[in-house]
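Student: Could we go through this model together? I would like to start with one stretch of the chain and then move on to the ligands.

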Amino acid sequence: MTTTCKVCGNDVTEFLDLGRQPLSDAFLTGDELDREFFYRLAVGHCRSCTMVQLVEEVPRERMFHHDYPYYSSGSTTMRAHFEQTAQDFLRTELAKPDAFAVEIGCNDGVMLKTIGKAGVRHLGFEPSGRVADVARSHGVQVRTDFFEEATAVEVRAEHGPASVIYAANTICHIPYLDSIFRGVDALLAEDGVFVFEDPYLGDIVRKVSFDQIYDEHFFFFTARSVQAAAKRFGFELVDVRRLPVHGGEVRYTIARAGARRPSAAVDALLAEESAAQLAEAATLREFAANVAGIRDDLVSLLRSLRAEGHRIAGYGATAKSATITNFCDIGPDLVSYVCDSTPAKQGRLTPGKHLPVKPPEAFSDPYPDYAVLFAWNHAEEIIAKEHRFREAGGRWILYVPTVRIA
Ligand code: SAM
Ligand code: TMP
Ligand code: ZN
C-alpha cells in the first residue's frame, strides 16, 4: 500500500503491518470496553526523503487529552536524565541575560522545574491537562495547548524569541511536522537552537524493538531524515548525540541554516547510517521478518510455561506493551495481570487485551513464577528495585533484542 509522506509529499512504501491496534495509552474501566477505539498500525518509509512513518494517523485529541496517563517523573533514571539536561542548558544556551526556554510536551514538568528554580524565563506547551497541572504545582509556567505554528506565533508576540526550544519524546509524536518547523521559525531567536530527542531508528532496527511502534510514535527518525526535514524548512542539523534512555535515542540539535557550524558527530552518524543501509528497503524488510520471529518466540515461550502450570505476570503497563500484547495476542490467559506504579493506570485494563493493571505492591502478593518485563527500557531500575523477586525464585522474561529468561 502506498501513502503520502508527511514531510515531503512523495510516496511512502509500507514495510510492516502490526494489525488492528487500540490507543496505546487508553487504559480502560470495565464499562468502557465496548467503546474501544482501534486503528491499523503499519509503518512505511518515504522513497524520497527516507522518513520512516506510520501510514495511518490517529487524531491527536484522542491520544493527548485531560487524562493522558503518562507521567515523565515515574522513573529515577528519567528524572536524573532531565535534571542533567536542564543543567546542561543552564550552563550553555541559557547562560545569558533574559534567556527564554520553551519546551514542547513538558508533561509533569520533570525538565522545566529545574529551569524555573534557576529563575530562568520559560514556558512549557502541554495539551494534557492533568500532567500540566502537576507541572504547575512545581512552579512551572505551562500553556495547556498543542505547540504548532499558530500557538508559537502567539508566544513569540507575547514573550519574544526563544533561546532554546526543547522537546523530548514529543516531536516523533507529531505528524504535522511542517507546522512545528514553521512554529519554531516564528519563535526561535536568530542564534537559538531547536533540540529534540526521540527513539532512534538505528536502535529499533538493531534491537528489533518493534514495541516502539505505536499510535503516539508517528515518526522514526534518523540523522539523514532529520537533516533532510530541517533543510526543507530553512534549518540545519548541527549536532547529534546518542542517548541511552528509552532503549536508545538520538538528541538532534537544529539551528537556522548557516548560523552554527555542524559538529563532526553529524557526519559520523550519517556515515554509520549509510554503512548500515538504515532506512533502505531491504534492511526494513529484514527488520519486519525479525519482528515476526520475536513474536513467535515470545508466544511459544509463554504458552509452554503456562502449559507447565507456571504463573506469569507483566511488569510495566507501558504504551509499548500495547503493541506487543495486541500483535502477539497475549491476553489474561497467558499474562494474568500487569504491575505498574502509575496510579492513573491501576485498577484499569490494558488497551485491547484487557490485562488488569495492579499496583507494584501486588507483585509480591504472591510473586508470580515469571514476569514479562514490558518496561524493558527501565530494566536496571526495576530489576534492582524488585531484587526479592529473583531471590524468591522468580524469573524475568525479556524480548529485546531476543526472547529470553533472565
Ligand atoms: N517530554 C516528556 C518526556 O520525555 O517524558 C513527555 C513525553 S510524552 C510521551 C509526550 C507528551 O507530548 C505528552 O505529554 C503530550 O501531551 C505532549 N504533546 C503531544 N503533542 C504535543 C504538541 N503538539 N505540543 C506540545 N505537547 C504535545
Ligand atoms: P515508559 O517505558 O514509556 O517510560 O513507561 C514506563 C512504565 O513503567 C510507566 O507506566 C511506569 C512504569 N514503571 C513502574 O511501574 N515501575 C518502575 O520502577 C518504573 C521505572 C516504571
Ligand atoms: Zn518524504
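Student: How much helix and how much strand is there over residues 5–64?

Tutor: Over residues 5–64 the chain is 7% helix and 40% strand, and the end C-alpha atoms of that stretch are 23 Å apart. Helices (H or I, at least four residues) and strands (E, at least two) are DSSP runs, numbered from the N terminus. This is a predicted model, in which local features need pLDDT of at least 70 and side-chain atom pairs count only at pLDDT 80 or more, while totals for chains, interfaces and linings use all residues. Residues are numbered from 1 along each chain as its sequence is written, chains are lettered from A and ligands numbered from 1 in the order in which they are written, and side-chain values use heavy atoms, with hydrogens and water left out.

Student: What does UniProt list for residues 5–64?

Tutor: An unreviewed UniProt entry lists them as "domain: Methyltransferase putative zinc binding", and such annotations may be inferred rather than shown by experiment.

Student: OK, ligand 1 now. Which residues are closest?

Tutor: Ligand 1 is surrounded by 21 residues, and the closest are Ser72, Glu126, Ser128, Phe147 and Asn169; a residue counts as near if one of its heavy atoms lies within 4 Å.

Student: And which side chains have an N or O atom 2.8 Å from an oxygen atom of ligand 1?

Tutor: Serine 128 does, and so does asparagine 169, whereas a polar side-chain atom of glutamate 126 lies 2.5 Å from an oxygen atom of the ligand. A polar contact here is a pair of N or O atoms within 3.5 Å. The protein buries 98% of the 600 Å² that ligand 1 exposes when taken alone, with accessible areas from the Shrake-Rupley method with a 1.4 Å probe.

Student: What about ligand 2, which residues come nearest there?

Tutor: Of the 19 residues around ligand 2, Tyr70, Lys320, Asp340, Lys345 and Lys385 come nearest. The side chain of tyrosine 70 has an N or O atom 2.8 Å from an oxygen atom of ligand 2, and a backbone N or O atom of serine 341 also lies 2.8 Å from a ligand oxygen. For ligand 2, the protein covers 95% of the 480 Å² of accessible area that the ligand has on its own.

Student: Which helix gives the largest share of that shell?

Tutor: Helix H12, residues 379–385, gives the largest share of the shell around ligand 2, with three residues.

How values were computed. A polar contact is a pair of N or O atoms within 3.5 Å; within protein, one must be able to donate a hydrogen and the other to accept it, and residues adjacent in sequence count only if both atoms are side-chain atoms.
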